[in-house]
Amino acid sequence: MSLQAEYRKLTWPEVNEAVRQGRVVLIPVGAIEQHGYHLPIDMDNVAVETVCLRAAYERPDLIVCAPPIHYGYNEHNMDFPGTISAELEHFLHYCVDVARSFARQGFERILLVNGHGSNAHLLDAAARTVNIKSDAKCAAISYWDLTKADYDTVRESPYPGGANHACEYETSIYLAVDPDLVQMDKAVKDMRHHSKYFYEDLLGGSPVRFTGWRSAQTKSGVGGDPTIATAEKGNVILESAVRGMIELAQDFKDFPFGERTNLIGVDPEMPGQG
Ligand SMILES: [Zn+2]
């Protein structure tokens, strides 16, 4: 029998087997939020689930894909219809609880895979918390960070700001996955104001962290230029993300993290002694 790529399709004896195989757990984490006039509000979930599922189906010997965390941290977007948000602390704790449960099942490598910008810093914190509270290793990545080099080969939107939200980048992904749900006739270019220090772009944002109310920056909900999105660009992005995810999972599995040592009260063996 071939290996099952999806965690939720396993029986409990098969979960034990997946743990013994040392498979890396991918937990897709998305959001339900406005994505302009032209994209469904599940954009982030569609993207991150597609990447994680494709990676798992390609390498079920290495990866098992968990059911997604569908709702994200989204307070800044609540002025727009459609957006659903979990408050910062709730979202953080929920992600820790879910990821830590995989550790309690015996999995040793857990990757929180992010599909929504505002989740990123909280998933970093969640992964760190799981590392402190369990023996597993837990890390976090936003899938777009695996794709910059390949996206740059097809990118037409200006940097910075052309690829930010419901933009060329995201719209291209949806066109590649489910074109019937993209209303391209309603896509509008909406470049947010940017300055030397205040700008946003999925593929390289400002070092200054600032997120205010989204409705203060855009009335369409878009950040960037979705009018130049194509399914071809989306396929380049998705293939890049899947390839990167498999490579990352292998690296994560193989990396020698070392053993923790408590050095408090222990005299060190320093050079020139003894
Ligand atoms: Zn998005």
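View 1. Of the 274 residues in the chain, 44% are buried (20 or more other C-beta atoms within 10 Å of the residue's own, with C-beta atoms placed from the backbone). This is a predicted model: local features need pLDDT of at least 70, side-chain atom pairs count only at pLDDT 80 or more, and totals for chains, interfaces and linings use all residues. Residue numbers start from 1 along each chain as its sequence is written.

**View 2. The open sheet.** Four strands line up as β2-β1-β3-β4, with parallel pairing. Strands are DSSP runs of E, at least two residues; helices are runs of H or I, at least four; both are numbered from the N terminus. Pairing requires at least two DSSP bridges between two strands. β2 (63-65) and β4 (137-142) stand at the edges with a single partner strand each, so one side of each lacks a neighbour in the sheet.

**View 3. The β3 and β4 pair.** β3 (residues 109-114) pairs with β4 over six bridges, in the parallel sense. Val-113 stands opposite Ile-141 of β4.

**View 4. Helix α6.** Nine of the 10 residues of α6 (residues 168-177) are buried, so the helix is largely enclosed by the rest of the structure. Among the buried ones are Glu-168, Tyr-169, Ile-173 and Leu-175. Their cover includes α2 (43-58), α5 (148-152), β5 (163-165), β6 (223-224) and α7 (231-254).

Definitions and conventions
Buried ≥ 20, exposed ≤ 12 C-beta atoms within 10 Å, placed from the backbone. Contact = placed C-beta atoms within 7 Å.
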